[in-house]
Amino acid sequence: KRMVRRGSAEITVPNVAESVKVYAVALDGARIAEVPFEFNSENNIVFTAQTISDGRAPTLVYEIVRVR
């Protein structure tokens, strides 16, 4: 029985850093994979969040980190 439904959404987040990375995070808090993103014309971070992605554990949390 499935506990997580397949779904996706385009996420836009204000950017306050020069360099960032976006990660999909597993239910145990471990980073699963780096997620591709882009900056839009207003310098916001834009990425697609997917609950279920081929070859990856269900993802309900994403992490955006500042890279120094």
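Me: What lies over the face of tyrosine 23?
Reply: Arginine 31 does, at 4.2 Å from the ring centre. A charge counts as over a ring if NZ of Lys or CZ of Arg is within 6 Å of the ring centre and within 35 degrees of the ring normal.
Me: And the source?
Reply: This is a predicted model, where local features need pLDDT of at least 70, side-chain atom pairs count only at pLDDT 80 or more, and totals for chains, interfaces and linings use all residues. Residues are numbered from 1 along each chain as its sequence is written, and side-chain values use heavy atoms, with hydrogens and water left out.
Me: How many aromatic pairs does the structure hold?
Reply: Two. Rings of Phe, Tyr and Trp (its six-membered ring) pair if their centres lie within 6.5 Å; planes under 30 degrees apart are stacked, over 60 edge-to-face, the rest tilted.
Me: Why is the pair of phenylalanine 37 and phenylalanine 39 edge-to-face?
Reply: Because their planes are at 90 degrees, with the ring centres 5.4 Å apart.
Me: What about phenylalanine 47 and tyrosine 62, how are the planes set?
Reply: At 45 degrees, so that pair is tilted, with centres 5.4 Å apart.
Me: Where do phenylalanine 47 and tyrosine 62 lie?
Reply: Phenylalanine 47 is in strand S5 (residues 45-50) and tyrosine 62 in strand S6 (residues 61-66), so the pair ties together parts 15 residues apart in sequence. Strands (E, at least two residues) are DSSP runs, numbered from the N terminus.
Me: Buried or exposed, phenylalanine 47 and tyrosine 62?
Reply: Both are buried, that is, under 20% relative accessible area with a 1.4 Å probe, protein chains only.

Key:
Helices (H or I, at least four residues) and strands (E, at least two) are DSSP runs, numbered from the N terminus. Buried means under 20% relative accessible area, exposed over 50%, partly exposed in between (1.4 Å probe, protein chains only).
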